Amino acid sequence: MLKKQEPGHELVSLPELESHSSLDTEQVVQPSLAAKKEFTTNLIGWILQGGVVLSSIVILIGLFMMSLQPDKFAPQKLESFPQTFSQVWIGLLTLRPQAVITLGLLLSVIGVL
Amino acid sequence: MTITTLVLLLLLFSIFYVGAVVVVGQHQSFQHGKYSWIYPALIFLGSIAAGLLGSLVGLGGGVLIVPLLTLVFGFPIYFAIGASIISVIATSSGAAAAYVRDHMTNLRVGMFLELSTTTGALCGAFLAGLLAQNILSIIFGIILLISAAPLVFKIGEELPQGVKNDRWANWFHLNGSYPDHHLHREVSYQVTRTPLGLAMMYLAGLISGLLGIGSGTFKVIALDEIMRLPLKVSTTTSNFMIGVTAAASAGIYFSRGDIPPLIAAPVALGILIGALIGARLLARLSNKVLRIIFLAVIAVAAIEMVLHGFGIA
């Protein structure tokens, strides 16, 4: 029995295809390719959306941590932030809000990759 | 698959190698500037508006963020550019996710052209560190004006006619189809003048890296005007691409200290919310109204930026 994979579903039987003995291989393979393309497209869409949601959550956590600090709006804070991956890592270990926000921003970049 | 791998290698090279060798802390201090609780709140609200307007015409919103931060809030342009790079990435990811799932985006065309765009973005990000603030402002304003001009002539067209695949489009299977809910049918389309489109995409990448915008206007022009894709496919594919292009130069801006979290965070969140609202509004508004609104916004922002560059604003 010929089988066809539909998008997001398991392999299903296609009895109607059996009656058409003249169907060539290409016609049978076509639905499989379409299903694969559909799956890949949906996967890319979900990865993009997941990256945005995750980075937004991390940024919000960082902003919340920042709001708990007494001198949170000092102009000096604008320039004293981690600028390398190692500085971000050290900042995360010491729970610095700016490092957490930067991690969220970097996650948004990684989401695109 | 090969093209995707090449683009990924370029992006990784940009973020983890090129970004690491750029000198850190080359800008003058901003400690004389002002900052209070009202700043992130207003930046957030302003970014929602920018994201809303930007997403309506598929540009991501970053094009409006730089004027907003420099002219309204008085931040140095390198901070504004760094924040806008992040906002472009977030907007692109958020809006593109919906467009990709709806099969509006031509991923094959997007990734193929990203080879050219990513290379341009790397070059642009290097050049940005060598140019003065006022020159960047003038360049940015002029580019905005140039970008807006083609939109005037595209108000009436629904679908491009008489387009045939060129040799490159046949080789790489760049043609495709998308479901058009306005026309109530699946629209098939072909792709032409691919080499010219690649050249235009390099320019778009260069501008993106230079000015911290997604340069969606240039991408839409390349896809719509040069390669003759349907407008909806052009804008959605451009939306997908602007984030990838911006990611290529993000590493350099990050290492240079141009992405201050206290500015970039409210911008990214605000732009994202605005873009999501804009994506929902898009279906209910006509293209003509949208383009008229955006043309007005772009014109005002461009003139302001040029004046600012000359020290008049």
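Helix α10(B) has 26 residues and runs 37 Å from its first C-alpha to its last, close to the 38 Å expected at 1.5 Å a residue. The model is predicted.

**Helix α10(B)**
- The helix bends by about 40 degrees at S249(B).
- Of its 26 residues, 25 are buried, so α10(B) is mostly covered.
- In chain B, α10 spans residues 231–256, and a loop separates it from α11 (261–282).

**Packing of α4(B) against α10(B)**
- Helix α4 of chain B comprises residues 77–101, and its axis comes within 8 Å of the axis of α10(B), the two crossing at roughly 145 degrees.
- This crossing of α4(B) and α10(B) is left-handed.
- The residues in the contact divide into 14 nonpolar and 6 polar, with no charged residue.
- On the α4(B) side, the contact residues include I81(B), I85(B), V88(B), I89(B), S92(B), A96(B) and Y99(B).
- On the α10(B) side, they include T236(B), F240(B), G243(B), A247(B), A250(B) and Y253(B).
- S249(B), where α10(B) bends, is also among the residues that meet α4(B).
- An α-helix has 3.6 residues a turn, so residues three or four places apart point the same way.

**G257(B), after the helix**
- G257(B) follows α10(B) and has a positive phi, near 80 degrees.
- The residue sits in the loop between α10 and α11 of chain B.
- G257(B) counts as buried because its relative accessibility is 6%, under the 20% cut-off.
- Apart from neighbours within four places in sequence, G257(B) is in contact with F81(A) and Q83(A) of chain A and with F79(B) of chain B.
- I146(B) is 111 residues from G257(B) in sequence, and their C-alpha atoms are 30 Å apart.

- Most residues other than glycine have a negative phi.
- H173(B) is not a glycine, yet has a positive phi of about 50 degrees.
- H173(B) is in the loop between α7 (167–171) and β1 (176–180) of chain B.
- With a relative accessible area of 52%, H173(B) is exposed, because the cut-off for exposed is over 50%.
- R228(B), also not a glycine, has a positive phi of about 60 degrees.
- R228(B) lies in the loop that joins α9 (216–226) to α10 in chain B.
- R228(B) is at 18% relative accessibility and therefore counts as buried, the limit being under 20%.

Notes: Residues are numbered from 1 along each chain as its sequence is written. Chains are lettered from A and ligands numbered from 1 in the order in which they are written. This is a predicted model: local features need pLDDT of at least 70, side-chain atom pairs count only at pLDDT 80 or more; totals for chains, interfaces and linings use all residues. Side-chain values use heavy atoms; hydrogens and water are left out. Helices (H or I, at least four residues) and strands (E, at least two) are DSSP runs, numbered from the N terminus. Buried means under 20% relative accessible area, exposed over 50%, partly exposed in between (1.4 Å probe, protein chains only). Contact means heavy atoms within 4.5 Å. The expected span of a helix is 1.5 Å times one less than its number of residues. The bend at a residue is the angle between axes fitted to the seven residues ending there and the seven starting there. Axes are lines fitted to C-alpha atoms, for helices over the stretch in contact, and angles run from 0 to 180 degrees between N-to-C directions. A crossing is left-handed if the near helix is turned anticlockwise from the far one by less than a right angle, and right-handed if clockwise. Ala, Val, Leu, Ile, Met, Phe, Trp, Tyr, Cys and Pro count as nonpolar, Asp, Glu, Lys and Arg as charged, and the others, Gly among them, as polar.
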